[in-house]
Amino acid sequence: MILERCLGSMLLVLSMLSNVLGAFVGVNIGTDVSSMPPASDVVAIVKAHQITHIRLYDADPHMLKALAGSGIEVTVGVTNEEVLGIGESASAAAAWINKNVAAYMPSTNITAIAVGSEVLTSVPHAAPVLVTAMNNLHKALVAADLNFQIKVSTPQSMDIIPKPFPPSTSTFNSSWNSTIYQLLQFLKNTNSYYMLNAYPYYGYTNGNGIFPIDYALFKPLPSVKQIVDPNTLFHYNSMFDAMVDATYYSMDALNFSVIPIVVTETGWPWQGGSNEPDATVENAETFINKLIQRVSNNSGPPSQPTIPINTYIYELFNEDKRPGPISEKNWGLLFTNGTAVFPLSLGGPSQITGNSTAVFCVAKDDASEDKLRDGLNWACGQGQANCSAIQSGQPCYLPNNIKNHASYAYNDYYQKMHTVGGTCDFDGTATTTTIDPSYGSCIFTGSSNSSTGRESLPPTALGPISPGGSTKLPLSKIQFLISATCLLVVLL
């Protein structure tokens, strides 16, 4: 009994720390994977990449057991097939909670239940009982004394907002008004949040060229091409922000305000068919890394600047068994062996790996390819950088694009020459960073991982970040907090 109370207190401390640390980036874990590793290996990969929040599309018992004691915050899913039964029977809801939630608490840190996935648009016949299902599950949580730890919500797609731009005039599809009103009332009454699946990839590819791709990829737009809401004069630097704001305005149109939004799915495919030219490794790398930077600044969209946008990336591994176009099978951040598809990095100093005093030289995001090519050729030639690692078949060859190759070459030159006057400029195409750009088995010169001989993992700490600096408490302090909490439990 004391051990159980201590475990619960430990998870409470971890939850409190997460709240203090600010906005988070989590990851979805899909199941349509032909070579899915065992659950224990999946959890090991998640922990190795310092991912602090995950969303499951079901309540897989192997995953829930493997997550025990990890402290990782888990959103479990009620499948679309289960919604109808739970909506029609309170006893079915109670049985679901007992089997899939209560049985794993408190050692597995379940913090949310996602009821279905885009129910209104994917299984509309279940829509009439969707909110009833949520109510039944919440009542079951109350009965199990878990309602303060676990929120209930349901992910919806942007498709239920017919005209998302300009955001200020956005409204939900009126045919769903009754259901959505009930949903928002439930979220307000239970102090929960709206789960939104927002995909700028589809907003761009289905947009008939209305918006530039840079807008979808978080890239800066020239002053003459700024995206501005004509009614509010808010400037939107990304389609992602506009989608979130469109949802806030749609809720406001039904007289609901300040129900926070959590983006439960977003991402970018890194491979597509011949008719899917925008599904590339380069675009996926740009979108994901800039998304992480965007979420990590702890701000909201223009209409709600003080509400951070907690976000889950779709997804951990490629779901190669999914039907549809080639792009549908290629959204994964990682291969199933745990290595990254492309370099992943966070935009703040809190995620420096290894030696926090290390400085690296990398290519700028907005540098022209011609200048990068000139800089790469100079570094590998006259600059005498060791460029063997970016040759075909070598650890840093993929992703095969000029920016990544230039970053490796620039950094190798800089690490060898900066002490004797070498600079990180390369005709204005390079910049220094304290974030280790190493990823997978590609180790950049100067990385602390290169001297230890151990395999480097990408600097992908997709966890809570503070905009003001490092958020990582020393391990000794965390251990002290947990130990003190357990001692208090024992004394009580």
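Let's start with cysteine 361 and cysteine 424, which form a disulfide (a pair of cysteine sulfur atoms within 2.5 Å) with their sulfur atoms 2.1 Å apart. This pair links distant parts of the chain, 63 residues apart. Cysteine 361 sits in strand E12 (residues 360-363), while cysteine 424 is in the loop between helix H14 (402-417) and strand E13 (430-433). Those labels are DSSP runs numbered from the N terminus: helices are H or I with at least four residues, strands are E with at least two.

The torsion about this S-S bond is about 90°, so the disulfide of cysteine 361 and cysteine 424 is right-handed. Cysteine 361 is buried, with a relative accessible area of 0%, and cysteine 424 counts as buried at 15%. Here, buried means under 20% relative accessible area, exposed means over 50%, and partly exposed is in between (1.4 Å probe, protein chains only).

## Where the model comes from

This is a predicted model: local features need pLDDT of at least 70, side-chain atom pairs count only at pLDDT 80 or more, and totals for chains, interfaces and linings use all residues. Residues are numbered from 1 along each chain as its sequence is written, and side-chain values use heavy atoms, with hydrogens and water left out.

## The other disulfides

The count comes to 3 disulfides. A disulfide is a covalent bond between the sulfur atoms of two cysteines. Cysteine 380 and cysteine 387 make one of them, with sulfur atoms 2.0 Å apart. Its torsion is about -95°, so this disulfide is left-handed. Cysteine 380 is partly exposed at 31% relative accessibility, whereas cysteine 387 is buried at 9%.

Cysteine 396 is joined to cysteine 442, S to S 1.9 Å. This pair also links distant parts of the chain, 46 residues apart: cysteine 396 lies in the loop between helix H13 (369-380) and H14, and cysteine 442 in the loop between E13 and helix H15 (448-452).

## Nonpolar cores

Now for the nonpolar cores, which are sets of buried Ala, Val, Leu, Ile, Met, Phe, Trp, Tyr and Cys residues joined through side-chain atoms within 4.5 Å. The largest has 107 residues, and those with the most contacts inside it include Ile54, Trp96 and Leu184. Helix H11 (residues 239-253) gives the largest share of this core, 9 residues. Apart from it lies another core of 24 residues, among them Ala363, Leu372, Ala430 and Cys442.
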